[in-house]
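Here are my notes on the annotated site. Please read them with the model open.

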Amino acid sequence: MGTAYIDDFLPDALQFRSSAPLVDIGANLTHESFGRDLEAVIQRAQAAHVTTMIVTGTDIQHAEQAVSLAHRFPGLYATAGIHPHDASQWNNAIAAEMARLHARPEVVAVGECGLDFNRNFSTPREQERAFEAQLALAAESGLPLFVHERDAGQRMREMLHAWRDEISQAVVHCFTADRDTLFGYLDLDLHIGLTGWICDERRGHHLRPLVGEIPLDRLMVETDCPYLLPRNLPAKLKGRRHEPALLPWIVREIAECRGISEADMGAATTQTAQRFFRLPTESLKEY
Ligand SMILES: [Zn+2]
């Protein structure tokens, strides 16, 4: 296993092209680590057949940046929400600003929003208040929700259950929880987003037997880049920055867990994402 500089040349890890065009439903492309070479990152994604990226907006500033990226680059779309870590800043002015962003054609989901009782950067009470308000915004706009949940499965299920008839769809992104939580979400007719967490033998392998329990029409894939670099890559990447071009490696791992081909797996997740985010079909064209 060699060490490769992702910015200097294309290492083996980047040369794996998916046979189906893929949708990365969670790419934090407004992160400062992409500040210098975003265009190259997007080109590499397209070369790897990751033709569509949903850029995560986690507060007003990042959501606005996500919208302008989506405006600038074909194949990019944005979400707009307040992350549970930042829930303490929620107020009426932010709610109004969010509603304005949700009306933009580039915005395809409300979020990232939800509950994170693992780190509690905002108090659980503040998180619930901000999430509740964003559930209301999703109900008003009709947009699907892009949900973050960590160590808050039970409360998340209660809140989503209370709102289920009002909201259209919701995806629990970067699902890492247990079987009961998964079935609770599936019972609520929710979608599930899987990341490279599943490739992590130290903490993610409990997910492997669960992957086959998720119906293909509810399963989507995401890098959550620049975080969560998958551990199944053939080369060690200097800097360890994750990026959308590596999504096929996550699809490969999930396909292996389910015992189906990468092509079928990729095509199914793309179809599901296209329906969920109501993406125009031309967004999946080849580059
Ligand atoms: Zn998240």
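1. Aspartate 224 sits in a loop, between strand E9 (219–221) and strand E10 (236–238). Keep in mind that this is a predicted model.

2. Is aspartate 224 buried or exposed? Its relative accessibility is 11%. Buried means under 20%, so aspartate 224 counts as buried.

3. What does aspartate 224 touch, leaving aside residues up to four places away in sequence? The contacts are Gly26, Asn28, His173, Cys174 and Thr195.

4. The UniProt annotation "binding site", from an unreviewed entry, covers Glu112 and Asp224. The set is spread over 113 residues of sequence, yet it clusters in space. The largest C-alpha distance is 11.4 Å. Both Glu112 and Asp224 belong to the lining of the largest pocket.

5. Now the other position. Glutamate 112 is placed in strand E5, which runs over residues 107–116. Its relative accessible area is 4%. That is under the 20% cut-off, so glutamate 112 is buried.

6. The side chains of glutamate 112 and histidine 148 are joined by a polar contact of 2.9 Å.

Terms used:
Residues are numbered from 1 along each chain as its sequence is written. This is a predicted model: local features need pLDDT of at least 70, side-chain atom pairs count only at pLDDT 80 or more; totals for chains, interfaces and linings use all residues. Side-chain values use heavy atoms; hydrogens and water are left out. UniProt positions are given in the numbering used here, feature names are shortened, and annotations may be inferred rather than shown by experiment. On a 1 Å grid over the protein atoms alone, a cavity is a set of points where a 1.4 Å probe fits but cannot get out, and a pocket is an open set with protein on both sides within 12 Å along at least five of seven lines; lining residues have an atom within 4 Å of a point. Helices (H or I, at least four residues) and strands (E, at least two) are DSSP runs, numbered from the N terminus. Buried means under 20% relative accessible area, exposed over 50%, partly exposed in between (1.4 Å probe, protein chains only). A polar contact is a pair of N or O atoms within 3.5 Å; within protein, one must be able to donate a hydrogen and the other to accept it, and residues adjacent in sequence count only if both atoms are side-chain atoms. Contact means heavy atoms within 4.5 Å.
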